Amino acid sequence: MSELTKGISDIQRSGIEREQEVQNLRKEAEAKAEDAEKRVARTREELLSLSYEKKMLEQELETLKSAITDHESSIHSLQMDIAKAQTEIALEKELRSKAEEKEKDERSERIALSAQIMAMTQDHAQSEAKLRKAMEIMEQELRDKHRLATEEAQEVATELESALEKITVLESQQKYLKEALSEQTTVVLASKEEEIGRLNGKVNVLNERLKCEEEKLNSVGLTSEKRVHELEDLIRQGEQERRKMHSIIQELRGNVRVFARIRPFLPGEKNTDSLLPLSETSLKISKPNNPDREYKFSFDRVFAPHEGQDTVFGEVSEFVQSALDGYNVCLFSYGQTGSGKTYTMQGAGSGQKGLIPRSIEQIGQYKSTLEADGWNYSMDVTFLEIYNESIRDLLRESEEVSAKHEIKTCEDGSRTVTNLTVIQLDPNDRNAVSGVLQLAARRRSVASTDMNAVSSRSHSVFTLNLTAKHEERNQIIRGKIHLVDLAGSERLDRSGVEGKHAKETISINKSLSSLTDVFSALAQRSSHIPFRNSKLTYLLQPCLSNNGKTLMVVNISPTDASVQESMCSLRFASEVAKVELGRPKRGIQEVRKKEQNPSTAKNQRIERNEV
């Protein structure tokens with residue numbers, strides 16, 4: 001019973017506790033509900049506030065969207081204006097660049113023309129002095145002839161006076177005889193009259209002779225001048241014939257032809273007589289400290305300072321024609337820094353074009369002639385420079401040098417350079433030709449030194465590959481011409497360069513020394529020719545062997561300060577002139593009809609692994 005009571009007490013106590021717990025929970029729930037109601041009320045207030053703020057924000061957003069739309073329209077308009085301005089700036093930069101290039105070309109052309117005019121003026125003065133001397137000699141001869149004629153005329157006049165005196169005496173005798181011997185026979189009188197007629201005839205003869213002598217004296221001046229012109233024409237014809245025969249002999253011997261060109265004095269340079277041309281094939285040079293000792297040199301052709309680009313190309317054009325006929329031809333422009341090598345090769349402006357543009361013009365004229373005769377003609381070009389014994393592509397599109405180039409030897413012994421840009425060019429398209437030359441000029445490495453404001457720091461090689469095919473004759477003619485503008489030899493103490501440019505000078509002189517070694521070995525007919533000593537000689541080995549024709553134009557500076565370098569250049573040129581390469585071979589072959597024509601696309605930029 002006690003346990004039951006105890007259990008009921010526990011149950012009651014437990015129920016009270018649960019009821020108390022329920023009440024506590026109810027109180028907590030009521031408190032929470034009240035708190036929740038408060039929070040809901042507060043949330044509703046916040047929601048109303050947020051809704052109001054939302055509406056305000058939505059209104060502000062609409063306003064901002066409208067403002068953004070307006071700003072975007074303004075920005076687009078500004079972007080268009082900026083793009084237009086950038087286009088105008090780029091166009092203006094391009095126009096300014098072209099104007100600067102044109103101004104530079106015109107300035108170079110003006111300097112070249114000024115120098116040439118000075119040289120022509122000096123040559124004219126020298127010619128005038130020679131003509132004046134010749135006129136003095138001729139006048140002296142005419143005076144001597146006039147004196148002799150005058151003396152002869154005086155003798156004739158004396159004879160005439162004597163004859164007149166005789167006539168007077170005879171007339172007096174005749175009168176006396178008529179008076180004293182009127183009775184003599186008609187025969188005696190007739191005899192006297194016959195003698196008088198004879199004397200009168202003699203007088204008439206003497207008068208005619210005197211008149212002839214006077215006419216002869218008047219015409220002797222014109223006859224002498226005409227004779228001088230005839231002799232000069234004969235001399236010119238003989239010189240042309242001599243040079244023609246010399247050219248044939250040189251071709252048979254295969255000698256390297258050497259021309260020497262004396263640069264005219266530039267504005268600001270002092271005119272001196274250290275270097276003077278003696279004839280079309282010889283010159284003399286003397287040192288300023290010893291002017292009495294003269295050194296004479298003879299070459300295939302010597303160009304005086306007054307002779308222009310057209311005269312030089314007139315002599316060089318036969319080599320260009322050889323390339324058109326299927327030979328491998330190499331033209332060098334050699335000399336010290338500032339002697340006019342680049343001017344000789346490329347010229348200045350449109351009025352003083354150099355060997356490169358004139359060669360392309362000649363090729364264009366020949367192309368038109370060939371095509372009219374049924375030939376298909378094509379030409380592609382490459383332009384590279386050898387800078388510090390590294391090959392660079394001067395026709396690359398990017399200004400940065402990235403591609404690597406190597407010289408490879410083909411099965412036929414020719415040389416190729418990998419990864420060069422090849423441009424198929426129409427030689428009659430002047431704009432395309434000008435664009436190629438200007439691009440190469442911008443890419444080439446140049447620097448300013450004490451000897452030259454625009455000194456080339458590399459050797460440039462402009463190569464023209466020429467191909468002509470005739471379908472009916474089944475013939476292909478392949479020619480190649482290398483136009484090489486060598487970097488100028490220079491002394492560090494004169495050029496005043498340092499650092500990077502000093503290394504360039506050392507590399508240039510080393511490369512030129514290798515070229516000298518090659519020509520010396522060729523002149524001595526050495527069993528080993530050191531072509532591999534430099535990339536320049538290795539690249540041009542086929543042209544310096546018996547497979548091509550070679551011409552070297554040695555450019556000489558006429559100033560006293562350059563006499564030492566000029567002497568070195570002339571001595572080197574004399575050694576080159578002794579080289580015999582053998583008779584060249586012509587690149588012509590028979591082909592099958594199924595072979596395709598050379599590509600007729602023009603001015604097309606293409607890339608290929610080998611050139």
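This is a predicted model: local features need pLDDT of at least 70, side-chain atom pairs count only at pLDDT 80 or more; totals for chains, interfaces and linings use all residues.

Two strands are said to pair if DSSP finds at least two bridges between them. Strand β16, residues 459-470, pairs with β17 in the antiparallel sense over 11 bridges. Within this pairing, Lys 469 has Ile 476 of β17 as its bridge partner.

Strand β17 also pairs with strand β6, which covers residues 328-335; these two run parallel and are joined by 6 bridges. Here Cys 330 finds its bridge partner in His 482 of β17.

Of its 611 residues, 36% are buried. When contacts between residues at least 6 apart in sequence are considered, 73% of them join residues at least 24 apart.

The nonpolar interior comes next. In soluble globular proteins, nonpolar side chains tend to be buried together. In this model the largest nonpolar core has 50 residues, and those with the most contacts inside it are Leu 283, Phe 299, Phe 332 and Phe 519. Helix α8, residues 500-523, supplies the largest share of this core, namely 7 residues.

Leaving aside residues up to four places away in sequence, Leu 283 touches residues including Ala 260, Ile 262, Tyr 295, Phe 297, Phe 299, Val 302 and Leu 570.

Helix α5 runs over residues 355-372, which makes 18 residues, and reaches 26 Å from its first C-alpha to its last, close to the 26 Å expected at 1.5 Å a residue. Its buried residues include Leu 355, Ile 356, Ile 360, Ile 363, Gly 364, Lys 367 and Leu 370. An α-helix has 3.6 residues a turn, so residues three or four places apart point the same way. Just after α5, Gly 374 takes a positive phi of about 100 degrees.

Helix α10, residues 563-577, has 15 residues and reaches 21 Å between its first and last C-alpha, close to the 21 Å expected at 1.5 Å a residue. Among its buried residues are Val 563, Glu 565, Met 567, Leu 570, Phe 572, Ala 573 and Val 576. Leu 570 is one of the residues that Leu 283 touches. By contrast, Cys 568 is partly exposed, with a relative accessible area of 47%.

What of the cysteines? A disulfide is a covalent bond between the sulfur atoms of two cysteines. The structure holds 0 disulfides. Cys 410, at 25% relative accessibility, counts as partly exposed.

The structure holds 18 salt bridges. In one of them, the side chains of Arg 257 and Asp 300 meet at 3.6 Å, N to O. This pair links distant parts of the chain, 43 residues apart: Arg 257 lies in strand β1, residues 257-262, and Asp 300 in the loop between β4 and β5. Are these two residues buried or exposed? Arg 257 has a relative accessibility of 9% and therefore counts as buried; Asp 300, at 13%, counts as buried too. Together with Glu 318, Arg 257 and Asp 300 are linked in a network of salt bridges.

A salt bridge also joins the side chains of Lys 284 and Glu 294, at 3.1 Å, N to O. That pair likewise links distant parts of the chain, with Lys 284 in strand β3, residues 282-287, and Glu 294 in strand β4, 10 residues apart. Glu 294 is partly exposed, with a relative accessible area of 38%. Glu 361 and Lys 353 form a further salt bridge, in which the closest N and O atoms are 2.4 Å apart. Glu 361 counts as partly exposed at 30% relative accessibility, as does Lys 353 at 23%.

Definitions and conventions:
Residues are numbered from 1 along each chain as its sequence is written. Side-chain values use heavy atoms; hydrogens and water are left out. A salt bridge is a side-chain nitrogen of Lys or Arg within 4 Å of a carboxyl oxygen of Asp or Glu. Helices (H or I, at least four residues) and strands (E, at least two) are DSSP runs, numbered from the N terminus. Buried means under 20% relative accessible area, exposed over 50%, partly exposed in between (1.4 Å probe, protein chains only). A nonpolar core is a set of buried Ala, Val, Leu, Ile, Met, Phe, Trp, Tyr and Cys residues joined through side-chain atoms within 4.5 Å. Contact means heavy atoms within 4.5 Å. A disulfide is a pair of cysteine sulfur atoms within 2.5 Å. The expected span of a helix is 1.5 Å times one less than its number of residues.
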